[in-house]
Amino acid sequence: MNGVMPSTVLRAEQLKAFYILDAFGTEKIVKAVNGVSVQIRENEVYGIAGESGCGKTTLLKALYSAIEPPLRLMGGRVFYVRDGEEIDVYSLSKEEKRRLRWEYISYVPQGSMSVLNPVKKLKDSYSDFLESHVAGKTRRDTLAIARRHLHELGLPPKVLDAYPHQLSGGMRQRVTIALAALLGPRIMIADEPTTALDVVVQRGVIQLFKSIQESLKNTIVLVTHDMGVHANVADRIGIMYAGVMIEESTVERVFEEPLHPYTQYLINSLPKFGDKSVRESAPGSPPSLANLPSGCPFHPRCPHAMDVCLQEMPEVVDVGENHRVACWLVEGGGDGRAA
Amino acid sequence: MRVLRDLLRDYRFAVSFTVLCLLLIMAILSAFSPYDPTFWWHAARDLRPSWTHFLGTSAKGQDIFWQATYAVRNSLIISVIAGTVSRVIAVLVGMVAGYRGRLTDRVLMFISDSFLVMPLFLIIVLLAMLVRERMNLVNLGLLLAFFGWAWDARVIRSQILSLREREFTLTAVLSGTKTMKLVMKEYLPFAAPLIFSTLINNMAWAIGMEITLAILGLSNMDIPTLGTMLQWAISYQALLLGQWWWLLTPVVLAIFLFIALYWLSVSISEYLDPRTRIQRVGAK
Amino acid sequence: MDALLEIRNLRKDFAFGSLLSRLRITAVDDVSFDVMPAEIFALAGESGCGKTTTARLILGFEEPTSGSIRHKGDENGRPKKREKVWFTQGVQAIFQNPFETFNPLRRVERYLFETVRNYGLTKNGTKADKLIDEMLKAVGLRLEEVSGRYPSEFSGGQLQRISIARSLLTNPSLLIADEPVSMVDASIRMSIVNLFRQLRDELGVSVIYITHDLATAYYVCDRIAIMFRGHVVEMGGVENVLMAPKHPYTKLLRESIPEADPKKRWKESVSLTDIEHEEYLRKGCRFAGRCPKVMDVCRENVPPEFTVDGVLVKCFLYDEELMTQTKRSEVPDDAE
């Protein structure tokens, strides 16, 4: 991470994205992203944590501007910072967006098979990819680039001669990540890259992200519900709950001094080796995004809920030391301990 | 009923439901017919449609409207018998084969496939010729049912095969549920749209077969059905003589019936589709 | 027999392919373990290790190729038709996906009532209501909350609780839980895991807890067996096995778990092989292809079990005779 003033590379302002569904006459509005503002910096690994149904995948889609019906952008803006200039992503034309993709920002979705063409050998997928983004290269050149790239990342170049289904899930995932990093994008977004993978393979995937980040010195935005993965690879973490970013800080502070009651429950409930003492979960369960409670979405489960929590959504407060929280318990500025 | 209200939102269901209701009313009206359908010459022949005879009369001296009520009634009876009996066979065969698997499955599918491979049409024609004299509504329905179950048995079986692998089957087994009850309670709701739409399709097929047999002269011509009406009209050269009222009545009724049955089947099976049902369950 | 469940030399082969090229994979190979009353026993390993197949064999959903499975009270060896083991031996199961556990087109409470009726727990309708209500209360729910609702109206955690309640109705002595919380939200996972502890402490129920999540296994289980490609490679008390792993695979597994503590980040890289199915077909120890301490004997023979500090390890490194021989015949190497 940069020691000097870290500069922003991706910024979202009051982002709102809802799913508008219509089933047999009843309309359902799923508020997946409900007012999220975030600033992601250069040369960092930013983790987005939260459980299923909290809106983190939708947030990624919104940041990548991959919004399609029934998902609709209801408000807010997203900016990419390129060469010192801010680009409002949602004001770009399709062609301009296409040129940004993979070269400036790339997206690794959940499930690698949706990126790789199942009927083509990997070397063809890689070559096609390179050819559509970099002009004037022969097939041999692109193949050489692909081989070198894989070698640098510690992957066996012989996988290029295989079809995707011939590789194991873990290897496929790593190959897809390598493909996403091929053009040296400044931002890489990955959605649950380690879910459904075995522990040892998961470690390989995380190591791959680390080595990509170290060599390209770019930004990686990693979404996963697995806090252990965040602990191992993230520099800063943002915790999402019911469509809102409720806490954001450096990884050390999130694990050692969580301020939001939800984060506190989350951290305290993680099992640790060497410690068999009883761990408790948060009571109740996360709300449905189609039927959010009033005010702060966590108040039905929060042991410290106050009247204001039921009425108004708390604003994000910066308590210093790179730590932001959205909770009425936290007064602005200073130490930020609960009253 | 809430279900009816939901269904009526679909224009296809609304139209087909109305048409079928009208046809059903026609069929019921046959009980009030002033004329016995088997008698000839109860009216003057070849009359055009008028207020006394809504659809005119035929060359046999029969009021076409009241004949048609009987025709609709009888065709519906044949198709309902054919459809339901063949469903029962298809469901039993498909479910037992799908759930039991192994030898039972192979034997049942062998039998089913044999029915598929046989030249059904020729066999039905042959049988119809043999029993022509004793052919009545019920017999014809049963004959058609006997040949109409094979395809759907296989379809139901494949659905059961996939349902068998789902975890709730294990839950039901662990809850102590025995095979037959399990298949009925757990799988039938999934198979319902399939069974229903194949029922309707089968009914439409039965009507079509009935008309075909009649035109080939293989039906009992004394029983008025859509097919026999059409056959009488053809054999009395209604087309040449310009007696459009006699010829068109069975044709138009049959077309309405087919379209109505088709739309009914499509709209109801969409409604019953487990995927949309699950959505509706939560939405309320 | 003291043990609730006694498994000896269990083996299950699966054959793939057509008549021309049959591939035989041994999903469960020479597995033996006991489950005692009122204990939570973990069967842990990565995907493809055979833990789920072992569970299916215990439940009787599959027939073993060889070996024996004996339940307490089953003194004469396995009865021929094993599919009713939940009736006769008080064994029930809970599955991984709470949304698939129940038929999405049926009301959830039907399963509870059917269990009561099929097992003849009570004929009286009011008594049945009461029994079910009590069981639901024991897992943190109430009959009136559950009544009349379909699976899609519940969260994963709630469904899993209902599944546990259903399985407890028959008063089982053994519960087989296959990845019970892997699909449950992280914020409520612990409450369900704690339920298992409660079942053991208050009702004396034993649980076979199948998982790939070693951190949760450490938290909730008493003993653990680590499986790799069909073999049990290490087995013993969870404190011993997970805090001081002996088998090289257990060590690799333990090290690769991302711990929820930023201070404990990985320092070294791991290298991955891509020859999964080849590992199944190996002659000797299945881990030989990846083991940092592999020896020639490992490639030729499957290691027998050795007992070290109360832990069972299937690894030649713990064969005292072999190790002393090797040490004598080799130039002294770096200390292990």
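Chain B has twelve helices and zero strands, and reading along its sequence gives the pattern α-α-α-α-α-α-α-α-α-α-α-α. Keep in mind that this is a predicted model.

- Along its principal axes, the C-alpha trace of chain B spans about 75 × 50 × 30 Å.
- Take H3(B), residues 64-100, and H4(B), residues 102-117: their axes come within 7 Å and cross at roughly 145°. The handedness of that crossing is left-handed.
- Who makes the contact? On the H3(B) side you'll find B:Val93, B:Val96, B:Ala97 and B:Arg100, and on the H4(B) side B:Arg102, B:Thr104, B:Asp105, B:Leu108 and B:Met109.
- Sorted by class, the H3(B) and H4(B) contact comes out as five nonpolar, one polar and three charged residues.
- H4(B) also packs on H7(B), residues 150-164, with the axes coming within 8 Å and crossing at roughly 145°. This crossing, too, is left-handed.
- From H4(B), the residues that meet H7(B) are B:Asp105, B:Met109, B:Ser112, B:Asp113, B:Phe115 and B:Leu116; their partners in H7(B) are B:Ala150, B:Trp151, B:Ala153, B:Arg154 and B:Arg157.
- The H4(B) and H7(B) contact divides into six nonpolar, one polar and four charged residues.

**Chain A: one helix pair**

- H5(A) covers residues 169-181 and H6(A) covers residues 199-216; their axes come within 9 Å and cross at roughly 15°. That angle is why H5(A) counts as roughly parallel to H6(A).
- The crossing of H5(A) and H6(A) is right-handed.
- H5(A) brings A:Gly170, A:Gln173, A:Arg174, A:Ile177 and A:Ala181 to the contact, while H6(A) supplies A:Val201, A:Gly204, A:Val205, A:Leu208, A:Phe209, A:Ile212 and A:Leu216.
- By class, that makes eight nonpolar, three polar and one charged residues between H5(A) and H6(A).

**Chain C against chain A**

- The size of an interface is often quoted as the accessible area lost when the parts come together.
- For chain C and chain A that buried area is about 4000 Å², with carbon and sulfur atoms giving 56% of it.
- The contact draws on 44 residues from chain C and 49 residues from chain A.
- One salt bridge is found across this interface. C:Lys263 pairs with A:Glu256 in a salt bridge, with the closest N and O atoms 3.2 Å apart.

**Chain C against chain B**

- Here 27 residues of chain C are in contact with 22 residues of chain B.
- Together chain C and chain B bury about 2200 Å², and 58% of that is on carbon and sulfur atoms. On the chain C side, C:Phe95, C:Glu100 and C:Leu105 lose the most area to chain B, together 27% of what that side buries.
- The count of salt bridges between chain C and chain B is three. One salt bridge to look up joins the side chains of B:Glu186 and C:Arg106, at 2.6 Å from N to O.

- As background, most peptide bonds are trans, and most residues other than glycine have a negative phi.
- A:Pro69 and A:Pro70 are joined by a cis peptide bond, with omega about 5°. You'll find A:Pro70 in the loop between helix H1 (56-63) and strand E4 (71-82) of chain A.
- A:Glu192 isn't a glycine, yet its phi is positive, at about 45°. A:Glu192 sits in the loop between strand E7 (187-191) and H6 of chain A.

Definitions and conventions: Residues numbered from 1 in each chain as written. Chains lettered and ligands numbered in written order. Predicted model: local features only at pLDDT ≥ 70, side-chain atom pairs only at ≥ 80, totals over all residues. Heavy atoms only, no water. Axes fitted to C-alpha atoms, helices over the stretch in contact; angles between N-to-C directions. Helix = DSSP H or I, 4+ residues; strand = E, 2+ residues; numbered from the N terminus. Parallel < 35°, antiparallel > 145°, perpendicular 65-115°, else oblique. Left-handed = near helix turned anticlockwise from the far one by under 90°. Contact = heavy atoms within 4.5 Å. Nonpolar A, V, L, I, M, F, W, Y, C, P; charged D, E, K, R; others polar. Buried area = accessible area lost by both parts, 1.4 Å probe. Salt bridge = Lys/Arg side-chain N within 4 Å of Asp/Glu carboxyl O.
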